[in-house]
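User: I have a protein model open and would like to learn how to read it. Can we go through it in questions and answers?

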Amino acid sequence: MDRMIIGTSAYANADVDLMRGGGIDWVRQGFEYPFSDRLGGTTTDEYQRAKANAKHWVEKGFRIMGVTPLLGIGLRERDAEGKLQMVWHDHVPGYMGVPGTAEFQRNYRELCRFLAQDLHGIVDMWQIANELDITIFAGPLNPRQASDLILDGARGLKMGDPGLIVGTNTAGSDKAYFLYGRLHAEQEGLLDYCGVDAYYGTWQEGGPEMWSDRIAELYELTGTKVLVNEWGYASAGGLLTDEERATQPYVCEHKKWYHAWDAGHTPEVQAEFVRVAFEGFREQRDKLLGAFFYRWEDQEKCWQCGAPDCPAETAWGLVGIDQTPKPAYVAFRDGVARLRE
């Protein structure tokens, strides 16, 4: 692909002129399990709405990176004794079988083939599942089972539409290196990019200057161009005190972060973070397929706890809830322009 991929996640009512002005021409969209009763059976209303939403973006001149169905999600919850536990919430329909089994692998491959065929001409690129190197998304799967799932998903997508751009992403945990090694050694030409997510200075230690070395490392490891599937920096939220950290709280409990970069989580620091990150992207331009910023707009409330003042999931946007550009929008627009020079 000649043109550097620049994308984001956004609601259908986003200001498309602002998005185009910022250099964004891809939208990342997830798809749930498409069938209501059996594999190959009746499609759900939810799937049809997702398909219509993807068409909406295509009609407005954007391209779509789809995300294949997830296994579920692990959420941190307090038990009866007040201890923080990871509780798994399964999203897999019964007709798919049990994750990790040969039956589930076959069914996931066929489901992906259906998605590729049914969304041909709408979705041009796929991310298989999401961050299967961490328990919050891998759930019951060990790293070998997770990599098997990715490869079977890729086989199904390529069977349905050989022209697709196909890959997956990791959260960058230690287990990610097992996935990268196995996927890119045994991929049979199935994976077209090496995907990675990172939220330096917010969910993780470090800062935007780390992106250059990270991209170079993954390209050297896999021999495949790198796609940054998720990156960003929250523009709100304080830092946990030492006393608060001692209880190992989740961010939603105190509405504060474990990590920060530079002067903290403010709109101005977010803009500087974006500027520096693009410098790193430029340094590794020949190794980079593209990057998807998370996300286009701020959110009204945190999807994890429901609070409107919780920074965990509310302040990631390049624009506010009302689509008013934040300082980061200008830094993003200028960074894209330099990256594509």
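Predicted model: local features only at pLDDT ≥ 70, side-chain atom pairs only at ≥ 80, totals over all residues.

User: Is Q248 buried or exposed?

Analyst: Exposed means over 50% relative accessible area. Q248 has a relative accessible area of 59%, so Q248 is exposed.

User: What is phi of D262, and where is D262 found?

Analyst: D262 is found in the loop between strand 11 (256-257) and helix 10. At 62% relative accessibility, D262 counts as exposed. D262 is a residue other than glycine, yet its phi is positive. The value is near 55°.

User: Which order do the strands of the open sheet have?

Analyst: The sheet has eight strands, and the pairing is parallel. Strand 7 (165-167) and strand 8 stand at the edges. Each of these has a single partner strand, so one side of each is left without a neighbour in the sheet. The order is 7-6-3-2-1-12-9-8.

User: What is the bridge partner of A198 in strand 9?

Analyst: Strands of a sheet pair through backbone hydrogen bonds, either parallel or antiparallel. Strand 8 and strand 9 pair in the parallel sense, over five bridges. For A198, the bridge partner in strand 9 is W231.

User: With which residue does the side chain of S235 make a polar contact?

Analyst: S235 lies in the loop between strand 9 (226-231) and strand 10 (238-239). At 7% relative accessibility, S235 counts as buried, because the cut-off is under 20%. Leaving aside neighbours within four places in sequence, the contacts of S235 include H265, T266 and A315. The polar contact, at 2.9 Å, joins its side chain to the side chain of K326.

User: How many Å does helix 7 reach from its first C-alpha to its last?

Analyst: Helix 7 covers residues 210-222, which is 13 residues. At 1.5 Å a residue, 18 Å is expected. The reach in the model is close to that: 19 Å.

User: What covers the buried residues of helix 7?

Analyst: The buried residues of helix 7 are W211, S212, R214, I215, L218 and T222. Their cover includes both helices and strands. Among them are helix 6 (174-185), strand 8 (194-198), strand 9, helix 10 (267-283) and strand 12 (288-293).

User: Within what arc do the buried residues of helix 11 fall?

Analyst: In helix 11, A328, Y329, A331, F332, G335, V336 and L339 are buried. Look down the axis of helix 11: its buried residues line one face of the helix, because they fall within an arc of 165°.

User: What is omega for the peptide bond from Y294 to R295?

Analyst: R295 is found in the loop between strand 12 and helix 11. The bond from Y294 to R295 is cis. Its omega is near -5°.

User: By how many Å are the C-alpha atoms of R106 and K256 separated?

Analyst: R106 is found in helix 3 (residues 102-118). At 44% relative accessibility, R106 counts as partly exposed. R106 and K256 are 150 residues apart along the chain. Their C-alpha atoms are separated by 43 Å.

Terms used
Residues numbered from 1 in each chain as written. Heavy atoms only, no water. Helix = DSSP H or I, 4+ residues; strand = E, 2+ residues; numbered from the N terminus. Buried < 20%, exposed > 50% of the residue type's maximum accessible area, 1.4 Å probe, protein only. Polar contact = N/O pair within 3.5 Å; in protein donor to acceptor, adjacent residues only side chain to side chain. Contact = heavy atoms within 4.5 Å. Expected span 1.5 Å × (residues − 1). Pairing = 2+ DSSP bridges. Arc of directions from axis to C-beta.
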